[in-house]
Amino acid sequence: MKPLTEQEIRTAFVNCTKGEAKRLSVPRDLNDRPWDDLDYLGWRDPQAPGRAYLVIELDGRPKALALRCPNPASWQMRRSMCSICMTTHTGGVSLLVAPKAGKAGQQGNSVGAYICSDLSCSLYVRGKKDAGAGSRIHESLTLDEKIQRTVANLAAFIARVTA
Ligand SMILES: [Zn+2]
């Protein structure tokens, strides 16, 4: 994906208030992120372990989500599959919950998905990060097809948040 600035990221949030988007922590090392290998940029809040964020460019516009990890300890040692990139980890997948955009979110509605805890789906798909033995089921898809699927899965999740 194309590198984004802090300002572009802050204005891209679809499911939190403008004030929250202004205050939340955006990585300081944006210049050093491996943008060429990223389908989306995801990060955990260093000040609040139960919070995570991600940003992806869809149809030429960045869209960012604020996520909660309701129970950070619950996934430990369980073997589960990331619903975005289809990597299986032992203890490396978290249920991440996104408040819905707009009024539905203010009323407490949210949608959840099981996602790689370190939000590094792009690197697992490309084999740049290893999730351990048996983490990738053998598939006949090409790398490009796996990347397209990852983006499509995340786009579908964002569509549920903004629906
Ligand atoms: Zn993943």
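Me: Helices (H or I, at least four residues) and strands (E, at least two) are DSSP runs, numbered from the N terminus. What pattern do they follow along the protein chain?

Reply: The pattern reads α-α-β-β-β-β-β-β-α-β-α-α, with 5 helices and 7 strands. This is a predicted model, where local features need pLDDT of at least 70, side-chain atom pairs count only at pLDDT 80 or more, and totals for chains, interfaces and linings use all residues. Residues are numbered from 1 along each chain as its sequence is written.

Me: Why is the protein chain called as compact as a globular protein of that length?

Reply: The radius of gyration is taken over C-alpha atoms, and the globule rule is 2.2 Å times the number of residues to the power 0.38. For 163 residues the rule gives 15 Å, and the chain has 15 Å, so it is as compact as a globular protein of that length.

Me: What makes Asp59 exposed?

Reply: A residue is buried with 20 or more other C-beta atoms (placed from the backbone) within 10 Å of its own, exposed with 12 or fewer, and partly exposed in between. Asp59, in the loop between E2 and E3, has 6, so it is exposed.

Me: And why is Met86 called partly exposed?

Reply: Met86 has 19 C-beta neighbours inside 10 Å, so it counts as partly exposed. Met86 lies in the loop between strand E4 (79-81) and strand E5 (88-90).
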